[in-house]
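Here is a brisk report on a structure of several chains. Keep the sequence and the 3D view open while you read.

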Amino acid sequence: MVIFLDVVVGGLIMGGIYALIAVGLSLQYGVGRVLNVSHGEFIMLGAFATWSLYTFLGISPLVSLVICGPALFIVGFLIHRTLFQYLRGKSESIGAFADSSLLASFGLLFIIQNIALIIWKADIRGYSYLDSSVSLFGSLFSANRLIALLFAVGISLAFYFFLTRSRLGKAIRAAAEDPATAQVMGVNIHLVLAICFGLGALMAGFAGVLISMMYEIQPAMGLEYTLIAIIVVVLGGLGSITGSLIGGFVLGLIGSIVTYFDAGLSLIAYYVIFIILLLIRPTGILGN
Amino acid sequence: MDGVRVLSKRFFPLGLLCLFLLLLATMPLYAQPYLVILLTTVFMYVVLTLSWAIFSGPTRYISLASAAFFGVGVYLSAILGQALPLPLVIAFGGLVSFILALFIGLLTLRLRGMYFIIFTFGVSELIRHFMLWWETNFTGTVGRFVVAVDQTAVYYVMLVIFVMTLLTAHLMRRSKFGLALRSIGEQEEAALHIGINVTHLKAITFAISAFFMGAAGAIMATRWTYIDPSIAFNPLSSFMPVLMAIFGGTGRLYGPILGAAILAFLEEVLITKFTYYYMLLFGIILIVVILFLPNGLVGLFKRR
Amino acid sequence: MRLLEGRGVTKYFGGLSAVFDVDFDINEGEIVGLIGPNGAGKTTLFNLISGAHPLTSGTTRFKGENITGLRPNQICKRGIARTFQLVKLFGNMTVLENVYLGSLFGVSRKINGSDAMRLSLELLEFVGLSAVGAIPAKELTLANQKRLEVARGLATRPELLLLDEMMAGLNPAEVAQAMELVTRIRDKGITIFMIEHVMKAIMSVCNRIMVLDHGVKIAEGTPNEVATNRKVVEVYLGE
């Protein structure tokens, strides 16, 4: 029973993070049609900014959520408004834009990662925050992990309601499904696309803050998370934000179960699932 | 008089090329050892980029599996290096990569666009993590030692691989298969309907490009002497050829070569003192190229 | 001689039947028309014949051989070529290269470069595009692009040519030229199966016409028979 709880809660914790980053990527790809391979670098920035704020200014990571998130939102928004919008205008087809935006995000990957390396050097960093143990149903968990889980789930739910209930959220979903019609109906498509990209960066930022609370971080950490986000997005169905939410938790649980048997196999399990999925059902479990 | 002019127009570039190759072939005799080592690295990047462009250039299927094929060559070199003579090791490196690529290619027939790109990257990363896991659990130590080979020999092998890759790329481009590959990149559905066996052509071309990557990996391993999964299957080996080919432009044969050569030299110059800055610079170059020079250097020269 | 035969041809996309239990025969030397309102399943039927989509059920036979389930390149090699409703040219390649590719990879494998080139140049002449051989295909006018697609299809040396709305988007003068091209192709000995919306063209050029509506064949016969068929009139007037 104890093991079961360990695995499930561990899975939910990772799942919450995965859900966040997958939703972020899904927003950027599903709506903006940009497969942002530098997504993980935004996660890394969120993590390192939190580390710096805590280590040098004593600011709690939970407060950092409110600082880093919006800051990264602005960065993402501006990047889309300038770089990707320009590319979109110049591309002769959707396919050409998909390729060139992918390559441009590669460039971003190199740029952001190396700026981070210049600022923070290549060392592994970490800090301890709320790492006292909490007893839950007979199992011991560290407080920071439980809080991270709480926030991950909370943010995911808040975002889900935002998408389904608010005007902006509905505009985003309309733009995702049919940009042309949405534009005709008065939706400022350029603004919505840039906001979506910014929201993706926001999610990445949040994830980064939460990750830094639980694990050690280093500037090259981003790529792995980007790949996991891609896997979850494919698992949940390209274009389906709800799919990414659910897919994140599913993958987190799978990872937790595999880790129980052999920690080194979790990433491999993800990739195998990914490859099988792409070959058999590329549209994902919930996709269209 | 006209005949002479026509003759010299056709043979001038060829003659220049031969002269250049002769120069490269005799380099080790009079050049500093450092230059020989530098050139070897440049050749490696050129081979990777050129072979990437053999498949991804005309078909527009961006492959991120280069690291997998390069790494296979690296590992085979480590495993077989003590048992077999160098030429066989390199041939094996190329051959196994060829077969792996054929397998992957036939497997992914239906995947296009984004799916293909992320699939190839996923395969590459899967192999890297698998080797890491395997070595951790079954071999005891992560990483292996490779039988060292004299630097001059490495240089010559790399030069030979380069010439072979160049020849293959050139012949393919001019053949009906090169034309067919371009048509696949333009309108795959139509290409299929005029009788082109798109599946086979894609798979074989993918495999051919992998062959040279594997061979290059096999010889480069002997220079590094110690390798592990993170070195052999480094994702950068997948990213760099793409970056260099885009920079140089895939429209002409010399594009990937020029792009790789320039960026490889740039890397060498900057890597010791400005390690992180050079990658930053590459990222900026990539974005600038995509924004303003979508056909790379080739596009720049064509305009003039 | 019966060239193309379809029996019980059916295609489901998800739960919807795009084509349902359609039988057809195309005989050598004919020009057969395929008409029907939008969404009737005409292009889907072509996709099933050319191998672009697999059949859900039914069979297709070409010259007596069962071609159900073959890939498009295999079907092309047996002698069926097609054009597309939305032109699928190799835009960045020259006009000549487009046709040249067709001649290199068509029915006969053993064709050498110069023969293929000769054939391509003849075909460009045949469709009237000799003057623009060196121009990138994407720079042609729509009418010329359609002609190029026909030339490319002919380059594969087919016995049956499927034309999908060749005249869509053409002005009356261009339509007349296209009709004339169709008869010239038939005179070369190539059988034609054509989808068309432009009634005038269909009526004057075709030996027989098939009518599809909602995936089902509702009529078949000579142009006169079809024009006076009550069901056909209803279907078209009801639009």
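## Two sheets in chain C

In E8(C), C:Met194 is the bridge partner of C:Gly33. That pair belongs to strand E3 (residues 31-35) and strand E8 (residues 191-195) of chain C, which run parallel over four bridges. Strands here are DSSP runs (E) of at least two residues, helices are DSSP runs (H or I) of at least four, and both are numbered from the N terminus. Two strands count as paired if DSSP finds at least two bridges between them.

This is a predicted model, in which local features need pLDDT of at least 70, side-chain atom pairs count only at pLDDT 80 or more, and totals for chains, interfaces and linings use all residues. Residues are numbered from 1 along each chain as its sequence is written, while chains are lettered from A and ligands numbered from 1 in the order in which they are written.

E3 and E8 sit within an open sheet of six strands, ordered E6-E7-E8-E3-E9-E10 (chain C), with mixed pairing. Its edge strands are E6 (80-82) and E10 (216-221) of chain C, and each pairs on one side only. On average, neighbouring strands of this sheet are turned by 20 degrees against each other, direction ignored. Axes are lines fitted to C-alpha atoms, for helices over the stretch in contact, and angles run from 0 to 180 degrees between N-to-C directions.

Chain C also has an open sheet of four strands, in the order E2-E1-E4-E5 (chain C), with antiparallel pairing. The edge strands are E2 (16-27) and E5 (65-66) of chain C, each pairing on one side only. Two bridges join E4 (residues 57-62) of chain C to E5(C), running antiparallel. There, C:Phe62 stands opposite C:Glu65.

Helix H1 (residues 42-50) of chain C lies across E3, E6, E7 (160-164), E8 and E9 (208-213) of chain C, running at about 150 degrees to E7(C). H1(C) also lies across E1 (2-13), E2 and E4 of chain C, and it runs at about 65 degrees to E2(C).

## Chain A

Chain A has 11 helices and two strands. From the N terminus on, its elements run α-α-α-α-β-β-α-α-α-α-α-α-α. Strand E1 (residues 133-136) and strand E2 (residues 139-142) of chain A pair in the antiparallel sense over four bridges. In E2(A), A:Ser142 is the bridge partner of A:Ser133. E1(A) and E2(A) form a hairpin with two residues between them, and A:Phe137 in the turn has a positive phi of about 50 degrees.

What radius of gyration does chain A have, against that of a compact globule? With 288 residues, a compact globule would be near 19 Å; chain A has 19 Å, which agrees. The radius is taken over C-alpha atoms, and the globule rule is 2.2 Å times the number of residues to the power 0.38. Along its principal axes, the C-alpha trace of chain A spans about 55 × 45 × 35 Å. Of the 288 residues, 53% count as buried. A residue is buried if 20 or more other C-beta atoms, placed from the backbone, lie within 10 Å of its own.

## A helix in chain B

Helix H4 (residues 86-107) of chain B has 22 residues. From its first C-alpha to its last, H4(B) reaches 32 Å, close to the 32 Å expected at 1.5 Å a residue. The expected span is 1.5 Å times one less than the number of residues. Its buried residues include B:Phe92, B:Val96 and B:Phe98. The buried residues of H4(B) pack against H3 (66-80), H5 (113-139), H6 (151-174) and H8 (198-224) of chain B.

## Where the chains meet

Two residues are in contact if their C-beta atoms, placed from the backbone, lie within 7 Å. Of the two pairs of chains in contact, chains A and B share the most contacts. Chains A and C do not touch; their nearest C-alpha atoms are 12 Å apart.

| Contact | Residues from each chain |
|---|---|
| A with B | chain A: 34 residues; chain B: 30 residues |
| B with C | chain B: 16 residues; chain C: 21 residues |

On the side of chain A that touches chain B, H4(A) gives the largest share, 17 residues. This side divides into 28 nonpolar, five polar and one charged. On the side of chain B that touches chain C, the largest share, 11 residues, comes from helix H7 (residues 176-193) of chain B. By class, that side has seven nonpolar, five polar and four charged residues. Ala, Val, Leu, Ile, Met, Phe, Trp, Tyr, Cys and Pro count as nonpolar, Asp, Glu, Lys and Arg as charged, and the others, Gly among them, as polar.

Methods:
A residue is buried if 20 or more other C-beta atoms lie within 10 Å of its own, exposed if 12 or fewer, and partly exposed in between; C-beta atoms are placed from the backbone.
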